[in-house]
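Trainee: Please take a close look at one part of this model and describe it in its setting. I would like a connected account.

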Amino acid sequence: MGSLSIWHWLIVLVIIMLVFGTKKLRNIGSDLGGAVKGFKEGVKEGSSEAPANGQASKTIDVDAKPKS
């Protein structure tokens, strides 16, 4: 009952291919790849926009007043 061997994974892969078909799996893979690519581009745009706007972030440091 230990870890699965390569033969177990190959059998699982064949069953998945029989159930879904290679065309559908290819479409799912390309959709997932496009989503990851879009996420990476969004992260790059978000990090490059912060310093580009010319405004430095300000931190407000105050002490909270106790409730009376």
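Mentor: Before any detail, note that the model is predicted. Of the protein's 68 residues, 0% count as buried. Its accessible surface comes to about 6,900 Å², and carbon and sulfur atoms hold 64% of that area. The protein has 2 helices and 0 strands.

The part to examine is helix α1, which covers residues 6-20. Its length can be checked: the 15 residues of α1, at 1.5 Å a residue, should span 21 Å, and the C-alpha atoms at its ends are 21 Å apart, so the two values agree. After α1 comes G21, with a positive phi near 85°.

Next, the nonpolar surface. L4, W9, I11, V12, I15, I16, V19 and F20 make a nonpolar surface patch of about 780 Å². I16 lies in α1, and its relative accessibility is 34%. Buried means under 20% and exposed means over 50%, so at 34% I16 counts as partly exposed.

Definitions and conventions: Residues numbered from 1 in each chain as written. Predicted model: local features only at pLDDT ≥ 70, side-chain atom pairs only at ≥ 80, totals over all residues. Heavy atoms only, no water. Patch = residues over 30% accessible without salt bridge, like charges linked within 9 Å, V, L, I, M, F, W, Y side chains within 5 Å. Areas by Shrake-Rupley, 256 points an atom, 1.4 Å probe, with all protein chains shown as cover. Salt bridge = Lys/Arg side-chain N within 4 Å of Asp/Glu carboxyl O. Helix = DSSP H or I, 4+ residues; strand = E, 2+ residues; numbered from the N terminus. Buried < 20%, exposed > 50% of the residue type's maximum accessible area, 1.4 Å probe, protein only. Expected span 1.5 Å × (residues − 1).
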